[in-house]
Amino acid sequence: MRLLDLSQPLYDGAPNCPAHPPVKCEIIADHPKQGWRVELITIASHTGSHVDSPFHKLADGPNLDQIPLERFTGQAVIADFRGATSDEPLTAAKLSSKLSLPLADRIVLFATGWGAKRAKTDEWLHHPPYVSPDGAEWLVAQKIRAVGIDHYSIAGLRDPVNSQTHAILLKAGIWIVEELSFPPEVFTIPQPFEFMSLPINFRGFTGSFCRPVAVIR
């Protein structure tokens, strides 16, 4: 078995959602003085590669504690939208032209090419491609298990589109993984492929950092 890493790295000053505090990492103990090394991180739970539970957008939705760990694994397919442009909506029509049916119980991962653009630029922070509300409704109709994208949000910071898209998916029990990275090799492996995106065991949280991987057996 081999694991193909689909995560984005976290480090001091890493790019993140501008609505969240900046990522801060400090060394609070080190070898010369204390005899060990420890880092302190200041970070929002929805930073870097992370999963969203329904509670993130829905006050009565389940949090991470209430979702079986097995739900965060499954068979995944890639929706290849590399080359997507700034503010481009990924609509139902575009999704249906790219994805082969049936998709029931599949994890649909959007590769927009913006994972490679990850930086503190106005374009990356404020103008990514996004899944439109009708695209989200199309995914719900296919009865998918989960959805992911290579940006910090499935809908960027667009408002009210952001809330609509998230709410449509999460209300249907579709969890979301964001800030993926797609190395070239992932496009050469057969689809669907085994995918895991296990969140940290944070009690009562709406989301958590994770380590998304493609499992190659």
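Reader: Why is Cys-17 called buried?
Author: Cys-17 has a relative accessibility of 7%. Buried means under 20% relative accessible area, exposed means over 50%, and partly exposed lies in between (1.4 Å probe, protein chains only). At 7%, Cys-17 is therefore buried. The model is predicted: local features need pLDDT of at least 70, side-chain atom pairs count only at pLDDT 80 or more, and totals for chains, interfaces and linings use all residues. Residues are numbered from 1 along each chain as its sequence is written, and side-chain values use heavy atoms, with hydrogens and water left out.

Reader: How many disulfides does a search of the whole structure find?
Author: The search finds 0 disulfides. Cys-17 is in none, since the nearest cysteine sulfur, that of Cys-210, is 16 Å away, whereas a disulfide is a pair of cysteine sulfur atoms within 2.5 Å. Cys-25 is likewise in no disulfide, with the sulfur of Cys-210 as its nearest cysteine sulfur at 17 Å.

Reader: What is Cys-25 called on the scale of accessibility, and why?
Author: Cys-25 is partly exposed, because its relative accessible area is 29%.

Reader: Why is there no salt bridge at Glu-178?
Author: The nearest side chain of opposite charge, Lys-57, is 8.4 Å away. Lys and Arg count as positive and Asp and Glu as negative, while His and the chain ends are not counted. Strands (E, at least two residues) and helices (H or I, at least four) are DSSP runs, numbered from the N terminus.

Reader: What makes a polar contact of the pair Glu-178 and His-50?
Author: Their side chains are 2.8 Å apart. A polar contact is a pair of N or O atoms within 3.5 Å; within protein, one must be able to donate a hydrogen and the other to accept it, and residues adjacent in sequence count only if both atoms are side-chain atoms. The side chain of Glu-178 also reaches the backbone nitrogen of Ile-154 at 2.7 Å. Leaving aside neighbours within four places in sequence, Glu-178 is in contact (heavy atoms within 4.5 Å) with residues including Gly-48, Asp-52, Tyr-152 and His-166.

Reader: Is Trp-124 buried or exposed, and what does it touch?
Author: Trp-124 counts as buried, because its relative accessibility is 1%. Its place is in helix H3 (residues 122-126). Not counting residues up to four places away in sequence, Trp-124 touches residues including Pro-15, Asn-16, Lys-117 and Glu-179. The C-alpha atoms of Trp-124 and Asn-16 are separated by 9.7 Å, though the two residues are 108 apart along the chain. The Trp-124 side chain reaches the backbone oxygen of Trp-114 at 3.3 Å.

Reader: How do you know that the bond between Leu-101 and Pro-102 is cis?
Author: Omega of this peptide bond is about 0 degrees. Pro-102 is found in the loop between helix H2 (92-98) and strand S7 (107-111). The peptide bond from Gln-191 to Pro-192 is also cis, with omega near 0 degrees.

Reader: Which value of phi does Asp-105 have, and which does Lys-143 have?
Author: Phi of Asp-105 is near 65 degrees, a positive value in a residue other than glycine. Asp-105 sits in the loop between H2 and S7 and is partly exposed, because its relative accessible area is 39%. Phi of Lys-143, also a residue other than glycine, is positive, near 60 degrees. Lys-143 lies in the loop between helix H4 (133-141) and strand S9 (146-149), and at 62% relative accessibility it counts as exposed.

Definitions and conventions. A salt bridge is a side-chain nitrogen of Lys or Arg within 4 Å of a carboxyl oxygen of Asp or Glu.
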